[in-house]
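Please look through the sequence and the model below before reading on. The text then goes through the parts one at a time.

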Amino acid sequence: MNKKIGAITIGQSPRNDLIPEIESYFGGAEILQMGALDGLDKSEIQKLAPDTDDTVLVSKLRDNSWAVMGERKVIPLLQKCADTLSSQKVSLIVMFCTGKFPDVLRADVPIIYPQKLIYNIVPVLADGKRIGIMNPEAAQTEQCIRNWSTASDKIIVTDLNPYDPNADIEGAASIMMKNHADIILLDCIGYTRRMKSQIEVLTGKPVILPRTLIARIVGELLE
């Protein structure tokens, strides 16, 4: 019997923009998707907007738009997802978000948080060089600097929304170049392989894509 992976998005499932790009790494494991915002209408989602002092999260909705949420308001919804997936006998749960979540979610199986892996792996790959970080919203810049300053003292941050078809990729790449980034991290699960390739071409720098990085690590656990 194939293993089962629980996949939680902080937006809505299914993530047809994400799973097809990474499922080949999972060795045929069944992927059970759940979203924190599944079943919510627009007015309910709007109520999840971040308060002034809350951590800002961004994720995709089923209609290809995106939502901006406060972490504290989303965590109870994520716990419901974890409970449901645990009851379906998954081998592990992957949180498909690079946010720095507090260690409060509980499950009967391991929960993989991309942020914990990325914050340890990327500084090693950078080897003391300057890290350029892209995240979806300008409102996340301050928290991104605060969080990443614990991992590296050489960071540059700008915003580029992976869910906005009109996002200025060339502008974001230009900021990385002007600030002499040596390696670039696309700090959101929403960034695609195509975006990674575009930014590599524009900057001439290596670009780290969290969705494929995490998929490779999870695939190793499943072998």
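The model is predicted: local features need pLDDT of at least 70, side-chain atom pairs count only at pLDDT 80 or more, and totals for chains, interfaces and linings use all residues. Residues are numbered from 1 along each chain as its sequence is written, and side-chain values use heavy atoms, with hydrogens and water left out.

Begin with an open sheet of four strands, in the order β8-β7-β9-β10, with parallel pairing. The edges are formed by β8 (155-159) and β10 (207-208), each of which has a single partner strand, so one side of each is left without a neighbour in the sheet. Helices (H or I, at least four residues) and strands (E, at least two) are DSSP runs, numbered from the N terminus. Two strands pair if DSSP finds at least two bridges between them. Between β7 (residues 131-135) and β8, which run parallel, there are five bridges. Ile 133, for instance, has Val 157 in β8 as its bridge partner.

Helix α4 (residues 114-126) packs on this sheet and touches β7, β9 (183-186) and β10. The direction of α4 makes about 160° with that of β9. Helix α5 (residues 141-148) lies across β7, β8 and β9, and runs at about 155° to β8. Contact here means heavy atoms within 4.5 Å. Axes are lines fitted to C-alpha atoms, for helices over the stretch in contact, and angles run from 0 to 180 degrees between N-to-C directions.

How many cavities of 30 Å³ or more does a search of the whole structure find? The search finds two. On a 1 Å grid over the protein atoms alone, a cavity is a set of points where a 1.4 Å probe fits but cannot get out, while a pocket is an open set with protein on both sides within 12 Å along at least five of seven lines; lining residues have an atom within 4 Å of a point. Grid points are joined across faces, edges and corners, and a volume is the space filled by probe spheres set on the points.

The largest cavity holds about 260 Å³ of space. Its lining has 25 residues, and Val 56, Thr 98, Gly 99, Gln 140 and Asp 187 lie nearest its centre. At least two lining residues come from each of β3 (56-60), α4 and α5, and β3 gives the largest share, four residues.

Strands β1 (4-9) and β2 (30-35) each supply at least two of the lining residues, with the largest share, three residues, from β1.

The largest pocket contains about 220 Å³ of space. Of its 13 lining residues, Pro 162, Ile 169, Thr 192, Met 195 and Gln 198 are closest to the centre. Helix α7 (residues 193-203) provides the largest share of this lining, three residues.

Leaving aside neighbours within four places in sequence, Asn 179 is in contact with Arg 130 and Ile 156. Asn 179 and Ile 118 are 61 residues apart in sequence and 22 Å apart in space, C-alpha to C-alpha.
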